Amino acid sequence: MGHRKIIALGFKSKKNLEEYLELYDCSRMVIPYILHTKEEILSLDRKEYGKEEMNDEEFYSWYTRCSTLDEDGNVISIDNPQGKFDYYDIIDKLETKYMKGLFFENNHISAVLTPSGWHEIDRRKPDYDMIVIKYCFKYLEMSSYIVDIHE
């Protein structure tokens, strides 16, 4: 299990942020949905699984051995498809004007969470700082938080 830090921008309060974070909690159960159809499973490249000698029925049985199936043989799930973490800690509330050092000296924020959604940020890109600055300016007058997420 790893962890990483994200910045949450544009939330009215800590409670508002916590309510929004629930959307991305891997433990949040959702209405059952089809994760993989039977046809998708049968079209998989068996060489990738080391099962090229298996016929369709054997491969399907092997692949779905730990899955919940619907009446049509599709794999169903109640896992959160938006899930990003197992749990989180809200570390600090920040004032946006003090964020420069956080991003550019430590360079460890891997995503930005805003009321419009979850935005992954690739720290290896040369324009990393400009991407983060864009979000900071958009939410300059609102509360900002550092959140440590555990995956």
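I take a salt bridge to be a side-chain nitrogen of Lys or Arg within 4 Å of a carboxyl oxygen of Asp or Glu. With that rule in hand, I started with lysine 15, which forms a salt bridge with glutamate 19, their closest N and O atoms being 3.3 Å apart.

**Ground rules**

I am working on a predicted model, where local features need pLDDT of at least 70, side-chain atom pairs count only at pLDDT 80 or more, and totals for chains, interfaces and linings use all residues. Residues are numbered from 1 along each chain as its sequence is written, and side-chain values use heavy atoms, with hydrogens and water left out.

**Entry 1: the overall layout**

I looked up the fold elements and found five helices and eight strands. Helices (H or I, at least four residues) and strands (E, at least two) are DSSP runs, numbered from the N terminus. Read along the sequence, the pattern is β-α-β-α-α-β-β-β-α-β-β-α-β.

Next I checked burial, where buried means under 20% relative accessible area, exposed over 50%, and partly exposed in between (1.4 Å probe, protein chains only). Of the 151 residues, 36% count as buried. The protein exposes about 9,600 Å², and carbon and sulfur atoms supply 50% of that area. The areas come from the Shrake-Rupley method with a 1.4 Å probe, and for residues only the protein chains shown count as cover.

For contacts I used heavy atoms within 4.5 Å. Among contacts between residues at least 6 apart in sequence, 75% join residues at least 24 apart.

**Entry 2: the salt bridges**

How many salt bridges does the rule give? The count comes to three.

Lysine 15 counts as exposed because its relative accessibility is 55%, while glutamate 19 is partly exposed at 43%.

I then moved to arginine 4, which forms a salt bridge with glutamate 120, with 2.9 Å between the closest N and O atoms. This pair links distant parts of the chain, since arginine 4 is in strand β1 (residues 3–11) and glutamate 120 is in strand β7 (residues 117–120), 116 residues apart. Is arginine 4 buried or exposed? I noted it as buried, because its relative accessible area is 18%.

Arginine 46 forms a salt bridge with aspartate 56, and here the closest N and O atoms are 2.4 Å apart. Arginine 46 sits in the loop between α2 and α3, and aspartate 56 is in helix α3, ten residues apart. Arginine 46 counts as buried at 13% relative accessibility, whereas aspartate 56 is partly exposed at 43%.

**Entry 3: a negative patch**

Which residues gather in a patch of negative charge on the surface? I listed Asp45, Glu48, Glu52, Glu53, Glu57 and Glu58. Patches are made of residues with over 30% relative accessible area and no salt bridge; like charges are joined within 9 Å, and nonpolar side chains (Val, Leu, Ile, Met, Phe, Trp, Tyr) within 5 Å. Lys and Arg count as positive and Asp and Glu as negative, while His and the chain ends are not counted. The place of a charge is taken as NZ of Lys, CZ of Arg, CG of Asp or CD of Glu.

I picked out glutamate 53, found in the loop between α2 (38–42) and α3 (56–63). Glutamate 53 is exposed, because its relative accessible area is 57%.

Where is phenylalanine 85? I found phenylalanine 85 in the loop between β4 (75–77) and β5 (87–94). Phenylalanine 85 counts as buried because its relative accessibility is 0%. Leaving aside neighbours within four places in sequence, phenylalanine 85 is in contact with Leu21, Tyr24, Asp25, Cys26, Trp118, Ile149 and His150. Phenylalanine 85 and glutamate 151 are 66 residues apart in sequence, yet 4.5 Å apart in space, C-alpha to C-alpha.

Leucine 23 lies in the loop between α1 and β2 (33–36) and is partly exposed at 31% relative accessible area. Beyond neighbours within four places in sequence, leucine 23 is in contact with Arg28, Asn80 and Gln82.

Last, I looked up histidine 108, in the loop between α4 (99–106) and β6 (109–114). Histidine 108 is partly exposed, with a relative accessible area of 23%.
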